[in-house]
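Let us walk through this structure together, one region at a time. Keep the sequence and the 3D view open as you read.

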Amino acid sequence: MTELEIFRLWLYRSGHQIASWWLLVTLVGLAAWPLLFRLLRRLPDRGVTLARPAGIFLSAFALWFLGSLGLLRNDASGAAFAWALVLIVSIIAYFGMRSRDDPDASIGAWLRANWRVVLAGELVFAVMFFVWAVVRAYDPNIAGTEKPMEMAFINAIRRSATFPPNDPWMSGYAISYYYFGYVMIAALAGLSGVVSGVAFNLSSALFFGLTGVVSYGLVFNLVHGRRSAEAERGRPAALQTAALLLALLGPLFVLVVGNLGGLTHLVWTQRIPPDDFFTWLDVRRYNTGLPAQVVPHVQWNAQAGWVWWWQSSRVVHDVDFLGVTANEVIDEYPLFSFLLSDLHPHVLSLPFSLMAIGLALNLVRSRAGLDRYQIIFYALFLGGLIFLNLLDGPLYMVFMVGAEVLRRLIMYQGRLKWFDWVYAALFGAVTGGLALLFYLPFLVGFRSQASGLLPNPMFPTRFQQFFVMFGPFLLIIVFFLIVERRRGYGHLNWRLAVTLTAAVLAGLVVAMVMLGLVALVDPEVQRFAGGMAAQVGDAGSALLAVLGRRLDPMYALTSIVLGAFIVVVIARLFGRRTPIDSAEASDDAQMAKPPAAPGWAGVLLALGLAGSLTLTLLFGAAQAGMPALATGLLSGLCAGALVYVLVQGIWQASTAPGRALPSATFSAESGFALLLIGAGAALTLLPDYIYVTDNFGTRMNTIFKFYYQAWAMWAIAGAYAAYSILGEWVAETGTTLPRWLTVGRWALRLAMACLGLAILASGELARALLAALGVVIFYAAVEAAMAAALAYTERRGRVAWGPVVIQNVFSLYLMIGLAAGLIAPIAGVLADTDYFRSIYHEELDPTTGEIVLHIDRPRLDGTETMFRLPDDEAAIACLSAYEKGDDAVVAEAVSYKAYSQYTRVATLSGIPTVMGWRNHEGQWRGATFGEVAGSRESDMDRFYKAPRLEDIQDIIDRYEIDYIFVGTLERQDFGDSGGLAKFETLDAICRHGDSVVYLTHREK
């Protein structure tokens, strides 16, 4: 059979499962939208692109909250009732919450004027959901990493009649984890009637689609909101269509683009840079030398090793003073997470984190602030982020306070009084307090491994590795900040910005030192400090080594760059006020013209800085092979350029014309993008000084959580920045581009796109990717040359040269960065799915005598990929069907090994076992784990080794064991001891081959 025939047959057999999930999430979205239509009335799309995640969230909350109170049963009928409850509340809110600033708005009238928005959102979600369902069908594997843990949670929640659900790996206890995302999955699985193995892979596709549509809606709201003034002048349909197209940058930046780890692997396999470059870059796996020869095409395939795309989530690399690897650092990005397909909380919370950004945008655009109903909804949602992914809740509560401050800055034209700061703090306190109250049933029983803050004196992030992680966005942000600096000319508050940023950095240093002094009373910290001192000789030498590392150019550059981001954001948002009649002030189009020479000097120097850094980081000025003078020149250029730009800004502000703009010269959308940039900079800066301590004792998880949210924030801000620079700035400055240039640019873009696709489809992947990247660079260079020709031929005064040149140079960096960032996603998907090749086999049906076709891939059910123990899996399926309640306990073998096949019974059935993966239970329960676990592991070892049933009756009674499983692993571990024979006297309720389930006949 052909690949197309296999695909059609799979779609015929499994298409109803995909369609059922699409229909369910569409219905819950429709149930929630009338509520969002009233609550998010300041968003141009009225919350329609946020409706699906909001509906899933509210329905799951109703099911969980009422189930926790014992008022609702956790099953399909309970989930249907929760949906109906959301629908009723939403309809009541729609008809009962008409506001004074929106008295006549109706869904019908809005749909007639904005049907394109609804259609576009539906298409984005449907396409992304279906595409990733196909990807998962060609890679249905749900074995390895944390997938067994996640499958165990899903099955345990589906089996639990009430909340909190039983812990499948610790009988007698409830799950001590933020499990809200698994409640959503279990509810959808119950309503659709699919098995958990199908629900697992459909959930990956669902959250991929939800993330895509929310990021699409965010960028649409930013772009359309920015262009609304033009729409009021008579071209609403055309401008709305343009915003709908530009919004595609949202899912592209957030979800499709990866970091530069794929480019790193590509140039390493093709032996392009010198060996010294990878020594300097020091990304693990690539820092041990170039391969002996060019790596062939097959090495990109999954069968030949998937470690290359795994390594793209480990590009940050901590080393001690001796240059030895000290800690693993996780720096995932969204596409990697979906490619790995773990349903971990950071993945399940991603669309809801983006939705929190949407709520913040609605707040910024609301001149009157939030009413009491909106505050309740915001609190409900922000508290849910704690339940979804613990650290996200506090992070976005702080971000929401920042949004409230920004709203007041815009409303009062940059003048904030003490009351505004007090009100913002009260807003945060009230919202946070309500959030904690809503989720009290979860919080009272929750235990965590997080136990405070620790200093990070030794392991700041080297800039070359930071650039590999965030390279696709960093230069976009640099250009956007340059443009915003020019827009706010004569009026940026550099003194305040530099003072506040210096205070923040000083505060981080002080906090690091103070935490270090306090933490030294901890024996573990004392041992770490002693080991650090031992590496260099004594305590004094250790202190000098810490200082030397902080002053090292490539370590310090990360803090310098992030500090510069924060400086420009603060200077722009908290602009310096100058006397002017506010009635004469307008938006960004009315700007005072800066003095030409100093302005150009700063722009050119900043562009030179960006270019030198890019060439240095990508093409090989490796520190290991460079003279010390070259390193000093590079660091001097970076520091000198940043200082010069700041001094130049202060000089321009002091020599600005007497008539200037009022301080809030930015639009709400531009201000919000700046807020996202500042928040992302703060999140990535913090782990260089302090981190949240946990069982790992390193900054691994802090980097993981903070970088992930920074990626989302910078991706949304970067998408808006691309529109702001390419689609808005030239028009603002009055530049009129000749028709020949416009037509020529689009013709060239089309030709280059066709050529790039042809190259990618031509054959050998590594060379095709390199050739496609060369095409992009060639196109960008030609477009920049066209802009230079325009600047040379046009008459002086007709064209504002700065915007045209900066726009074209920005296009060059944008295309190169995106092309480099797409290497890992393209190659990763192709490798993971084995280039979408199917696997099938034919069997003879003994009952009919006909040949039956069995499709192993594509398929959505990944259960058989988990443990690959057929007899065990059949016996477990029999047990799962036999036991209907939620109060049973099963005994199975226990092992100290993590990421193993142990706990397979509890994982596949949802019936709690006595003890699961020890290290994960320790992470979930923190300091309480030892008390809770007790002697469970040694008890289960005695349970299977003891020769008689009488010897283990105390264990059966203590843990209330109802079923005993004897399968492949039990016979492997205890078969020689003779202790398994004692179970033959019990009734066997399930037997498949050598795998047996026994009934203890314990009275419940």
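A word we will need throughout is contact, or touching: heavy atoms within 4.5 Å.

Residues are numbered from 1 along each chain as its sequence is written, and side-chain values use heavy atoms, with hydrogens and water left out.

The score itself, pLDDT, is the predictor's confidence in each residue, from 0 to 100. Its average over the protein is 82, and 78% of the residues score at least 70. Two stretches call for care. Over residues 232-236 pLDDT stays under 50, and the model has two contacts there beyond four places in sequence. Over residues 645-663 pLDDT also stays under 50, yet the model has 45 contacts of this kind, beyond four places in sequence. Where pLDDT is low, the predicted coordinates should not be read in detail.

Back to proline 53, which sits in helix α2 (residues 51-68). Helices here are DSSP runs of H or I with at least four residues, strands are runs of E with at least two, and both are numbered from the N terminus. Is proline 53 buried or exposed? Its relative accessible area is 0%, so it is buried; buried means under 20% relative accessible area, exposed over 50%, and partly exposed in between, using a 1.4 Å probe and protein chains only. Threonine 26 is 27 residues from proline 53 along the chain, and their C-alpha atoms are separated by 9.8 Å.

Asparagine 259 is our next stop, in the loop between α10 (249-256) and α11 (261-269). Because its relative accessibility is 0%, asparagine 259 counts as buried. Its contacts, leaving aside neighbours within four places in sequence, include Tyr333, Met469, Trp711 and Ala820. Its side chain also makes polar contacts, meaning pairs of N or O atoms within 3.5 Å in which, within protein, one must be able to donate a hydrogen and the other to accept it, with residues adjacent in sequence counting only if both atoms are side-chain atoms. One reaches the backbone nitrogen of glycine 261 at 2.8 Å. Another places a polar side-chain atom of asparagine 259 2.7 Å from the backbone oxygen of serine 312.

Now look at the backbone. Most residues other than glycine have a negative phi, and most peptide bonds are trans. Phenylalanine 163 and proline 164 are joined by a cis peptide bond with omega about 0 degrees, and proline 164 lies in the loop between α5 (147-159) and α6 (180-192). Arginine 857 and proline 858 are also joined by a cis bond, with omega about 10 degrees. Threonine 903 has a positive phi, near 70 degrees, and with a relative accessible area of 1% it is buried. Glutamate 960 has a positive phi of about 55 degrees, but it is partly exposed, at 43%.

Next comes an open, mixed sheet of four strands in the order β7-β8-β10-β9. Its edge strands, β7 and β9, each pair on one side only; two strands pair if DSSP finds at least two bridges between them. β9 runs antiparallel to β10 (residues 995-999), with five bridges. Helix α34 packs on the sheet, touching β7, β8, β9 and β10, and its direction makes about 135 degrees with that of β9; such angles run from 0 to 180 degrees between N-to-C directions, with axes fitted to C-alpha atoms, for helices over the stretch in contact.

What joins cysteine 878 to cysteine 990? A disulfide does, with an S to S distance of 2.0 Å, where a disulfide is a pair of cysteine sulfur atoms within 2.5 Å. A search of the whole structure finds one disulfide. The pair links distant parts of the chain, 112 residues apart, with cysteine 878 in helix α34 (residues 870-882) and cysteine 990 in strand β9 (residues 987-992). Cysteine 878 is partly exposed at 25% relative accessibility, whereas cysteine 990 is buried at 1%.

Terms used. This is a predicted model: local features need pLDDT of at least 70, side-chain atom pairs count only at pLDDT 80 or more; totals for chains, interfaces and linings use all residues.
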